[in-house]
Every structure is written in C-alpha cells, then in structure tokens.
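Student: I have a new structure to look at. Please show me how to read it.

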Amino acid sequence: MLKPAVFLDRDGTLMEERNYCSRPEDVWVFAHVPQGLQRLAQAGFQLVLITNQSGIGRGYFTQARFRAVQAELARQLGPARLDAVYFCPSVPEMGDPRRKPSPAMVLEAARDLGLDLARSWFVGDKAIDAECGHRAGTRTVLVRTGHGPGESDADADSTAANFTEAVDHILQTRFNNPPVTHAH
C-alpha cells in the first residue's frame, strides 16, 4: 500500500534561511520543528526533504559541505528523522529538469519510497515549493518563515505562520477533507 508523505523544503522552512548555507555552525532549526516532524511521522507520514542547492553549482560549496550541513540538521532534529533527502545542485540557468518548481524530485521520491501523492503535502517558504507540490499532485502549505513573508500565496492551498501551524493544519485536514486533484 502506498504511504502518504510530507515533502519539505529545508532553508527557510525547517531552519533559518542563511543564503547558501554551507557551514554546519550556521544551521539553526526553527523551534518546534523536531516535535512537528515527530507528530507527522507518528501520524504515518513519510518525511522527505526536497531542496534546490544551487550554491553547489555556483561553486560556493561542495557536496561534502552540503552533507556536513545535512548532518548538523539531523543532529539538531534529534530523535526526529527524515526518511529521505533529494537535492538538485544545479543553477537555474542550466535548466535542470530536477530543479524545483519541477516535480521531478518529488516524483522520484514517490517511486523510490512507494508514496501516495494524492494523500501527500508539500511544505515550503517559496511559491516554487507550492508549484512543485501542485505539479506533483500534492496539497501545499506556504510557511511565512524564511522567504515566506515576501512570497505570493496565490498558488498554495493554505498558508501558516510557521512549521508548527503547518503541521497542525495537515493533521487537522488529513481526516476532514479528501485529497485535491491539481492540473499538471
């Protein structure tokens, strides 16, 4: 049986936006994110990070530095855990078909992990996160952290002040509303 997932942007959603975060010491996970991830996991959601990391393609940092930042993120999450991480290192100008807002990384994760996109969500702080989620067939929540305050919410199914509110919304909506079908 296919499992539902919550797809998560990283910078500005789970942790403070640091403009091409390349140093573990610059990782600051938002308050209550570990608890929110645990609540989602306990409710049966797979947790999948979907992140553009053009700093690699721009030469600002290496994949090894990206992995070091990810290791610090995991350390700060404590017992909360991500089931998988998908990233695109390309700069926008390259036209990489995996780069958000393309749904390619979400679709790849769905194949790899056996995920039910119609029962899944995408949470991010940018309009491209909502567009990516919709193009993949998920519902979306735009958080008003990171880039969120300056982003249009026209494409998101809902907005939340922070990750905790997004988790509350997902868990409340999950049992009350059927999945939404989006045009692809």
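Tutor: We take a strand, then its neighbours, then a pocket. The model is predicted, so to speak of local features we need pLDDT of at least 70, and side-chain atom pairs count only at pLDDT 80 or more, while totals for chains, interfaces and linings use all residues. Residues are numbered from 1 along each chain as its sequence is written, and side-chain values use heavy atoms, without hydrogens and water.

Student: Are the residues on the two faces of strand β1 buried or exposed?

Tutor: In a regular strand, side chains alternate between the two faces of the sheet. Buried means under 20% relative accessible area, with a 1.4 Å probe and protein chains only. In β1 (residues 5-8), A5 and F7 on one side are buried, and so are V6 and L8 on the other. Strands are DSSP E runs of at least two residues; helices are H or I runs of at least four; both are numbered from the N terminus.

Student: Which residue of β2 stands opposite F7?

Tutor: Strands pair if DSSP finds at least two bridges between them. β1 and β2 (residues 46-52) are parallel, over 4 bridges. F7 faces V48 there. β1 also pairs with β4 (residues 121-124) in the parallel sense, over 3 bridges. In β4, F7 has F122 as its bridge partner.

Student: What classes of residue make up the lining of the largest pocket?

Tutor: Rolling a probe the size of a water molecule over the atoms shows where empty space is left. The lining has 4 nonpolar residues (Ala, Val, Leu, Ile, Met, Phe, Trp, Tyr, Cys, Pro), 9 charged (Asp, Glu, Lys, Arg) and 7 polar (the others, Gly among them). β2, α2 (54-57) and α5 (127-136) each supply at least two lining residues.

Notes:
Buried means under 20% relative accessible area, exposed over 50%, partly exposed in between (1.4 Å probe, protein chains only).
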